[in-house]
Amino acid sequence: MKGDRVEIVVDAGDTTRTYEVVATRAGRRVETAVRRGVVEVSEVTRSGTAVRTARFMATRVLALVEQPVPRQDASERSLRDDPKA
């Protein structure tokens, strides 16, 4: 899974805690992997180097929500934003 922002909701006993991993700079992305009972969420550079990583036990993760930043296509721009108009 690749995105620009990932929210992780974790069971912390009697309450839940929400953590957020965000791609902090342009060109970076957030990748999620589930391996050996561990959910790993990493901010990755263009070259694939992990900048920071958050790890959670898979049995404690209640929700994992990827929220990509909305991007504006050329077809969605209004005429008001068009420099040629």
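This report describes salt bridges in a predicted model.

## Basis of the report

The model is predicted, so local features need pLDDT of at least 70 and side-chain atom pairs count only at pLDDT 80 or more, while totals for chains, interfaces and linings use all residues. Residues are numbered from 1 along each chain as its sequence is written, and side-chain values use heavy atoms, with hydrogens and water left out.

## Salt bridges in the structure

A search of the whole structure finds eight salt bridges. A salt bridge is a side-chain nitrogen of Lys or Arg within 4 Å of a carboxyl oxygen of Asp or Glu.

## The network around Arg5

Arg5, Glu7 and Glu20 are joined in a network of salt bridges. Between Glu7 and Arg5, the closest N and O atoms are 2.8 Å apart. Glu7 is buried, at 19% relative accessibility, whereas Arg5 is partly exposed, at 27%. Here, buried means under 20% relative accessible area, exposed over 50%, and partly exposed in between (1.4 Å probe, protein chains only).

## Two further pairs

Arg60 and Asp11 form a salt bridge with an N to O distance of 3.4 Å. This pair links distant parts of the chain, 49 residues apart: Arg60 belongs to the loop between strand 6 (50-57) and strand 7 (61-66), and Asp11 to strand 2 (residues 5-11). Strands (E, at least two residues) and helices (H or I, at least four) are DSSP runs, numbered from the N terminus. Arg60 is partly exposed at 39% relative accessibility, and Asp11 is partly exposed at 26%.

Arg29 pairs with Glu31 in a salt bridge, their closest N and O atoms being 2.8 Å apart. Arg29 is partly exposed at 23%, and Glu31 is partly exposed at 26%.
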